[in-house]
Amino acid sequence: MIKNYFKVAWRNLLKNKAHTFINVTGLSVGMAVAILIGLWIWDELSYDKHFKNYDRVVQVMQHQTMNGEVSTQAAMPIPLGTMLRQDYKNDFKYVVLSSWTFGHIVTYGDKKLLTQGNYMQPEAPDLLTLKMLKGTRSGLNDPSSILLSSTLAKSIFGSADPMYKVIKLNNRYSLKVTGVYEDLPRNSTFHEMALIAPWDLFLTTEPWLKGATIRWENNSFQIFAQLNDNADINKIDARIKDLKLKNIAAKGDKLGASFKPVVFLHPMAKWHLYSEFKQGINTGGAIQFVWMFGIIGVFVLLLACINFMNLSTARSEKRAKEVGIRKTVGSLRSQIIIQFFSESLMMTVFAFSLSLVIVALILPWFNQVADKNMTVLWANPVFWILGITFSLLTGVIAGSYPAFYLSSFKPVKVLKGTFKAGKFAALPRRVLVVLQFTVSVTLIIGTIIVFRQVQFTKNRPVGYDRTGLLQVYMKTDDIHKNFAAVHNDLLQSRAIIEMAESGSPLTDVYSNNSGYHWRGKAPGLQDDFAYIPVSPEFGKTAGWKIIAGRDFEKGNVSDSTAIILNESAVKFMNFKHPIGEIVDDGKKNGAKFTVIGVVKDMVMSSPYEPVKTTMFLSLNYTGSVVDVRLNPKISTRDALAKIEKVFKQYDPGSPFDYKFTDDEYAQKFAYEERIGKLAGFFTILAIFISCMGLFGMASFMAEQRTKEIGVRKVLGASIFSLWRLLSTDFVMLVGVSLMVAIPTAYYFMYGWLQNYKYRADLSWWIFALTALAAIVITLLTVSYQSIKAALMNPVKSLKTE
């Protein structure tokens, strides 16, 4: 009996090839989208779960209040980490101080590699449960040791054993390899960490860290910890929240105390998906996109199911006689229901198989767009169980309505020819079409707004010229020591127009300072300035715009105590005539700076946020970056070759590590652009599925009204009038969907835009253009069948009927 069900189902599918093609294609695309989104969501939800202590690892963070605004940061002082290690052993199994992940030069023999890594305390490998391929987790106990990732070890040593070989770090430290750990997965906070160097080495060899172990105001480090098994994170939060405030107040640091720091623990489970804070409250983060894509996946699959149900019920009259004859010869309604479910399940199995092929073909591109490293879990039984269950459930849902609807026909009425579908038989199909286009239109509007927000921010004036600007990152002080010679050689080579040193790249801010005093400062006003040391050539190199005063001048001794402010700083300090104003750094026997110039605001941090109050001052130490303005009169390739040659002449131990400023700036939009591209991709597929269903419905409607069209043509109806007749119903349905979709999209996208302080407006033309596009797409989709039916010979259609 079961074999017969599937045999008949197979014959019906082959008999109606167009109907089968539309349904299988629509379902397979819908399932492929659901699988891709499922893989993406799984990758996001499993972020950092590679670590065995995932549910016990935390990061120590702090809230600070400035002029009523609460900000949250992960940068912490060393003494806090030391206190937690020593005085809170009942709460923490491990407390680990760490640097930020930054670039390092690794040298072994003739090999020189640039890589990323951290300085961390010895317990770090245990806290991160690193899988050691060679050596043990205790490899950082020796200050002259280093741990390498397996990929870095292979890049340096090839197939040779790396253990106890000596490498040089940053051309300064000779370190012994005491362990090799398995590469951390892509969906990990530490996936870029290719090496771990000892914390004690960091403290004892970096000049700028002098005194940092006792300075509570130096927020330049990270603190990670693992809770004891019986520890309660909320109770620990309550015990440690005032630790920093009490200690800085005890030291008489009124400035630090005025920011009212509150220490808290942020669990690893929230690092990736719940990373955003507003006014000291954890408001979410990437989890909003998990929900968004999850909803999109459900709706796209729902569109495919709607197509199936619509086309199956629409063809009910064509199969009415089949149902009548089956019932007449003794078939039970349950058997007919099973028959239709067999067709539905067979179609979903075909669709699932095809969807796997689509996923396998498209996944490499999808990974590239999503910046992921996902794979289909072919060998995982859970994947197959979920996939098959998913297919069966889809088949049951998609086939339920037609199965129960078709099996309810009365055989007497059907066989007598008096069966009529009923006044409201088409209502469910109309509702489903409206739902389809409501989803599609909402997705179109959302995608346009995401892309427009990214483009709007990209077009924001940045205050300097990014074109032809290079950022060369310094790992040693060799270029600084020979800056004049390097500068002269490059100018003579005609490879550059100008070059300068700076404490931060143009696309980031490395340092902030507060506690300044100036004439007219309001009592109780808290300040926090971006602090950018630069060489005199910086302004010309960057192409900044001076709107008052002058630039730094090479050789001008007075400029050692001069500062240049940006517009935001002048406005914040309420200077009417800033040139000549004195700014005191607020420290005992501290420096006093004279304002010599004002520049237009430069976007150095997030382009979605207001420009930070910034002061530029003369550089008196090795800069982090050398900024280079390329000569546009020679090719970039030739210019880079000349620059590299000069840099290697004066700094032979360092690779030429450079980045184009416009590329670095573009990276600030990478996440939003990825989300926009993915949303756009899924939107296109959703429209494709909806159009396929619409095409099938139009085909059926034209077929159903063949006799009516023939009669109308005989009576003189024009092709245009027949096209309008067949198209009007669909346009009206799309019109209803627009009335639902537009306010829905407005509500959700308005809320999304509120996450950005610098944001685009929700212009009326976005909704008007989308509405027009939806109507045009509808007309194009149904017109083929409408015109085809209108052009049919009425004699042939009436004879057939």
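Which element gives the largest share of the lining of the largest cavity? I went looking, keeping in mind that this is a predicted model.

**Entry 1, cavities.** I searched the whole structure and got 6 cavities of 30 Å³ or more. The largest cavity holds about 90 Å³ of space. I listed its lining and found 14 residues, with Phe-647, Asp-651, Ser-654, Pro-655 and Phe-656 nearest the centre. Strand 15 (469-473) and helix 20 (636-650) are the elements that each give two or more residues to that lining. So my opening question is settled by the definition of elements as DSSP runs: helix 20 has the largest share, with 3 residues. Sorted by class, I get 8 nonpolar, 5 charged and 1 polar residue around the largest cavity.

I put the second largest cavity at about 80 Å³. Its lining includes Val-509, Met-602, Met-604, Pro-610 and Lys-612. By class I have 6 nonpolar, 3 polar and 1 charged residue there.

I moved on to residues 483-493, which make up helix 17, and found Phe-483, Val-486, His-487 and Leu-490 buried. Why do they sit on the same side of helix 17? Because they cover an arc of only 100° around the axis. On the face turned away from that buried side I noted Ala-484 and Gln-492, both exposed. What do the buried residues of helix 17 pack against? I see helix 16 (478-481), strand 16 (496-502) and helix 20.

Conventions. Residues numbered from 1 in each chain as written. Predicted model: local features only at pLDDT ≥ 70, side-chain atom pairs only at ≥ 80, totals over all residues. Heavy atoms only, no water. 1 Å grid on protein atoms, 1.4 Å probe; cavity = no way out; pocket = protein on both sides within 12 Å on 5 of 7 lines; lining within 4 Å. Points joined across faces, edges and corners; volume = space filled by probe spheres on them. Helix = DSSP H or I, 4+ residues; strand = E, 2+ residues; numbered from the N terminus. Nonpolar A, V, L, I, M, F, W, Y, C, P; charged D, E, K, R; others polar. Buried < 20%, exposed > 50% of the residue type's maximum accessible area, 1.4 Å probe, protein only. Arc of directions from axis to C-beta. Contact = heavy atoms within 4.5 Å.
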